[in-house]
Each structure stands twice: as C-alpha cells, then as structure tokens.
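Here are my notes for someone opening this one for the first time. Have a look at the model, then read through the points below.

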Amino acid sequence: MNVEGRHFRTIWTEGDGEGEVLRIIDQTALPHEFRIIDLHSVDEVCRSIREMWVRGAGLIGATAAWGVWLAAREAAHLSAEEFSVRMAMSMEALRVTRPTASNLVWALQRQQKAIAGLFGAAAVDAAHAEAQAIADEDADFCRRIGEHGRAVIEAIAARKPGQTVNILTHCNAGWLAFVDYGSALSPVYAAFDAGIPVHVWVDETRPRNQGASLTAWELGQHGVPHSLIADNVGGHLMQHGMVDMVITGADRVTLCGDAANKIGTYLKALAAADNAVPFYVALPSSTFDFSLRNGVLEIPIEERSAEEVRVMSGSLLNENGQTAGTASVRICPEFTPARNWAFDVTPARLITGLITERGVCEASEESVLSLYPEQK
Ligand code: MRU
C-alpha cells in the first residue's frame, strides 16, 4: 500500500548476491516516524518478531520465512550434517518467538519442505525462492480477501442507499499486519476505492494501541474516513445503530471457526450478537489451524510483559501542543502488579462469516471444509 504516495510492502529485499539485504518497516516507531530497518541475521529476525518491530499474523509468517533464508545464508559454509543441525536450531528459535499466530509455524513448515535434503548454496536459493513465494502469496490472498469482503460491504451499502457504511475494527489487521493489503482492512480499502461511502470506528486496542498507532495511520494514508474510539465504546455505538458491521482479523482460526484475535475481540463479538450487528473475521488460509476444533481450549494465548499494561508511550507535546519527540509514561502506582494476555478467542457461534481468499463461509466445520475440501 502507499505511504506518502509511494508503494511499500512491509517486508522486502534489496540488492543481490552477497549484498542482498532484508528490509522491514519498524512498526514500533509508527505513527511518529516512518523508519525502515535492515535485518542481517536470523538472530535479528527473531528479535524483530519477539519485540514486535514486525507483528500481525501474516507478516510474522513472512518474516520467519525470510529468517530461514538468512539462517541458511549464515550456515552455507557448513557440511550437510552440520547445516541440518544448525537449521533445526534456527527454525526452533524462530518458532518460539510468538506462540499464537498460526502463520509462523505454517511458514516454517513450508520452508522445511523447501530445503529438505539441501545444503549450501542450493539450500540458500531454495529458501530465498520459498520466502519470496510466501510473501507474494500473502499479498495476493489478502487482495482477494478484499474483493470478497467488498461484496459484503456492498450488500450492506445497498440496504442504506446514499448513507455511509460504518465499520468497527479492533487492533490492526491492515497491510501492516501482512505483506500488503491486509485482512480486515482489505475489504475496507476495496470498498473505498470502489466509491462506496465507508467510515471506520478504530478501537485504540490497549495495551499496545495497534488501532491508535497503526490502523489510524494506515487509514489516514489511504484517505479512508475514520474515528479513533476508546476500547470500550463499541457496545454503546452498537446499541445506537452506529455500527453496520464489525470486521476483525485473526491470528489463528480452528477448523470449526473459533477465532483467536487481539485481546478484547470477544467482548466486541458479544456486543455485536446482542445488537444483531454482523461480525466478520477476515483471514487467509495460512491463519487456519485445521488441526484444532476447540479454540478456547486449544489455541495457545500469548502472555506478554506486564510493563506493556503499566507503561504507555506516545508523542511528547510541548507547551504549544506541538510534537517534541516521544516519551514513555507509567499510568499506575509504581509497584502495581499487572497481567497482559495478548489474545482472546471468539467462539464460532458469535461469528457471522469468515472472509477468506477463496470466498466467504460460515464459521463451521462443514462450511470451512466446503471452501478447503483438501483439508477433509
Ligand atoms: O500482537 P499483534 O499486533 O501481532 O497482534 C496481531 C493483531 O494485530 C491482531 O490480532 C490482528 O487482528 C490479527 S493479525 C492479522
């Protein structure tokens, strides 16, 4: 998508041969600064995922895939046996960076297959080709999600001619969470580009504020009308007919359609059900975990540092209200203990539909399998 009119993906390489470098947008600097950084080693890739310089299910998967390429390049001088031991260690280091999003393990499994039986330059080339394929596929699938989701928004728009369609979203499942386009926001961009009047309610999404810092920034860059709201406002808006639909992304979705997404999503789904507001979850197939059925019991939920709850960061303002750098502030007493679960699970019964690259289906095993019959 575009930043100041110039197209960017969230991860890419530049140069060739030994000089080829891996580049990412540092998402911890947004919205205050648009900063591109280079990742030189698999250790740096692990750190970038763990510390959320990159985040979002699709982008975590693509970054891990490129991390395997860097790991292979670092190990290219080793014998076949040493290479395979080193690669197993690197893949494990990547695997444990974050536990919830399916895309991470999915991308590593693809890379494992791609380099199976190879070492040295052949393995490096194979890992490079597979990482590029994963990134390109991610962008293509998200573009298709946009087309299928646009039809859903169009149908709602047709029921209120001349009026704006109000869409509520939680966290950031835009292009910053993938390689390009996004999942939840891709239909919004497609509808906006097609001339459908849309407006997005952007949940700030405590504690890391991905809505306030990333979704608001993305939508602003694309010119999509939006309003930032505090996390607890959604229920009130739904009671007053001010939300036509909810679209969120997902980090892992079971075969039966239970969806793990950023903490707080479940409460939005409950409010939507109580007010008959359609609640959609958008995801590419790489986010399905077809091996699971019960999301609440089986999806691992990441617990992150309590400091993310206790400390907030943002722009520092001078006495004239102008930005004067960034700052972190503690928002609670110095020794208040905190807990920080990063995701929750919305049960399938609260989900109106899943918007995938293959079309829209119900959140049920039968309907998911009708789109993905090869998983039977
Ligand atoms: O912790 P994050 O920022 O990596 O969380 C992921 C998310 O942004 C959301 O849960 C998102 O809606 C799904 S990721 C496409």
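1. A word on classes to begin with: Ala, Val, Leu, Ile, Met, Phe, Trp, Tyr, Cys and Pro count as nonpolar, Asp, Glu, Lys and Arg as charged, and the others, Gly among them, as polar. By that scheme, eight nonpolar, five polar and four charged residues make up the shell around the ligand.

2. Some housekeeping: this is a predicted model, where local features need pLDDT of at least 70, side-chain atom pairs count only at pLDDT 80 or more, and totals for chains, interfaces and linings use all residues. Numbering runs from 1 along each chain as its sequence is written, and side-chain values use heavy atoms, with hydrogens and water left out.

3. Who sits around the ligand? There are 17 residues around it, and R55, R98, D251, N261 and K262 come nearest (near means a heavy atom within 4 Å).

4. Now the polar contacts (pairs of N or O atoms within 3.5 Å). A polar side-chain atom of N261 is 2.6 Å from a ligand oxygen.

5. On to the domains, whose bounds come from an automatic or database domain assignment: domain 1 covers 2–137 and domain 2 covers 145–375. Their centres, taken over C-alpha atoms, are 25 Å apart. Each domain gives at least three residues to the shell around the ligand.

6. Contact here means heavy atoms within 4.5 Å. On that basis, 32 residues of domain 1 touch 32 residues of domain 2.

Terms used
A polar contact is a pair of N or O atoms within 3.5 Å; within protein, one must be able to donate a hydrogen and the other to accept it, and residues adjacent in sequence count only if both atoms are side-chain atoms.
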